[in-house]
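Reader: Hi! I'm new to this one. Could you walk me through it?
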Amino acid sequence: RAPRAEQQGAVPEGGPWGRVRYEAVKKHLGALSKQYWRYLACKVWQEGCEEEEEQQEEGEAGWGFPLVGQDYLEILSAWYCSFGKCCETGDCRIINNITGLEADLRGQLHGQHLAKEVVVRAVQGFLQSPRPHKALVLSFHGWSGTGKNFVARMVASHLYRDGLRSDCVRVFISLLHFPHPNYVDSYKAQLQRQLSETLQRCRQALLIFDEAEKLHPGLLAAITPFMAQHGSRGQEDQQRPIFLFLSNLGGNTINEVALDFWRAGRAREEISLELLEQRLRLELQEAAENSYAHSHLLRENLIDFVVPFLPLEYHHVKLCARDAFLARGLPYTEATLDEVAQMMVFVPKEEKLFSAQGCKSVPQRINYFLP
């Protein structure tokens with residue numbers, strides 16, 4: 001507004017917004033905007049750096065606002081990179097938001113005090129280790145619907161900006177990706193190639209194997225070398241792969257322990273990881289016909305933590321129903337949450353304590369309450 005008034009003769013020459021100062025600021029801002037573009041071009045297209053360096057050598061106008069301008073361009077280039085790839089690897093999209101992971105597990109994962117603690121501590125300790133000697137391997141066990149896939153997705157979303165869509169994340173579902181036992185040799189070569197490509201592309205890769213108990217022994221043997229101890233190298237080249245195995249194995253053992261605690265009048269939060277992990281490892285070693293239980297993963301102690309997922313009770317199902325309503329922006333009442341929970345099947349027959357499906361079908365159940 002001031003320059004416009006000055007053109008009308010309202011501001012004398014030499015005043016706060018006189019013609020001389022106006023032209024000087026205009027010229028300076030023009031040069032600054034050119035520098036903004038050159039900096040962004042250099043960030044996104046490497047060939048743009050040569051032109052920028054040449055122009056700087058010729059003594060063109062530099063940054064007028066060095067701190068503000070540079071910070072602004074860092075934000076601008078980061079914003080651009082959020083829509084595309086600005087580096088050859090996926091590492092530029094790694095965020096490792098452990099604080100957010102811990103907060104979301106605390107607020108959205110119900111009835112799983114052991115999983116919350118183990119996953120956060122294991123992942124945080126592994127990422128902070130200066131020289132991890134092997135990959136981090138977590139094996140999730142429990143009934144369907146207790147939160148194993150939910151936690152795996154949450155880990156991906158807090159370690160990578162693109163979550164499960166990140167180039168550094170691979171998800172393998174046994175019956176989907178490896179359905180025919182007759183093609184194990186082909187699957188094995190394909191799996192090894194995919195793992196090698198992911199680990200070469202990303203210093204920190206996340207590999208998720210769902211329905212792990214259904215993996216063929218040959219495929220488990222193909223995975224094992226990628227998790228084993230590797231030689232010491234420079235910290236800048238150190239790989240940090242994370243393997244998550246999701247399995248229904250051990251679900252009955254976990255439920256028996258939870259039921260015993262309930263019958264003894266003890267809170268489920270008193271169940272310790274040491275107790276359940278010991279029972280789970282014993283059950284896996286005694287499993288006669290399961291390849292996952294007898295694979296090198298257990299025999300060679302490649303699994304760092306066996307993470308138990310406890311069966312969910314009535315009030316946990318209500319919390320899952322509340323989250324489902326909130327996620328879809330739908331109103332609900334306590335009576336509505338009770339109705340959803342009462343649709344589920346609870347076991348054993350006498351106590352009817354645990355949801356047989358966990359929270360797996362809760363989002364579909366609330367469709368009955370749509371207006």
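Author: Happy to! Let's begin with the largest nonpolar core, which has 74 residues; Phe209, Phe243 and Phe245 touch the most other members. Such a core is a set of buried Ala, Val, Leu, Ile, Met, Phe, Trp, Tyr and Cys residues joined through side-chain atoms within 4.5 Å. Buried means under 20% relative accessible area, exposed over 50%, and partly exposed in between (1.4 Å probe, protein chains only).

Reader: Which helix gives the most to this core?
Author: That is helix 6 (residues 113-128), with 9 residues. Helices (H or I, at least four residues) and strands (E, at least two) are DSSP runs, numbered from the N terminus.

Reader: Before we go on, how should I read the numbering and the model?
Author: This is a predicted model, where local features need pLDDT of at least 70 and side-chain atom pairs count only at pLDDT 80 or more, while totals for chains, interfaces and linings use all residues. Residues are numbered from 1 along each chain as its sequence is written, and side-chain values use heavy atoms, with hydrogens and water left out.

Reader: Thanks! What does Phe243 touch?
Author: Leaving out residues up to four places away in sequence, Phe243 touches Ala135, Leu136, Val137, Leu138, Leu207, Phe209, Ile223, Phe226 and Met227. Contact here means heavy atoms within 4.5 Å.

Reader: And Ser174, buried or exposed?
Author: Ser174 is buried, at a relative accessible area of 2%. This residue lies in helix 8 (residues 174-177). Beyond its neighbours within four places in sequence, Ser174 has contacts that include Asp210, Glu211 and Lys214.

Reader: Oh, Glu211! Where is that one?
Author: Glu211 sits in the loop between strand 3 (206-210) and helix 10 (217-227). Its phi is near 55 degrees, a positive value in a residue other than glycine. Most residues other than glycine have a negative phi. With 23% relative accessibility, Glu211 counts as partly exposed.

Reader: New topic: what is the phi of Asn301?
Author: For Asn301, phi is also positive, near 55 degrees. Asn301 is in the loop between helix 13 (296-299) and strand 5 (305-308), and its 57% relative accessibility makes it exposed.

Reader: Last one: which residues does a cis peptide bond join?
Author: Val347 and Pro348, with omega at about -10 degrees. Pro348 belongs to the loop between strand 6 (346-347) and strand 7 (354-355). Most peptide bonds are trans.
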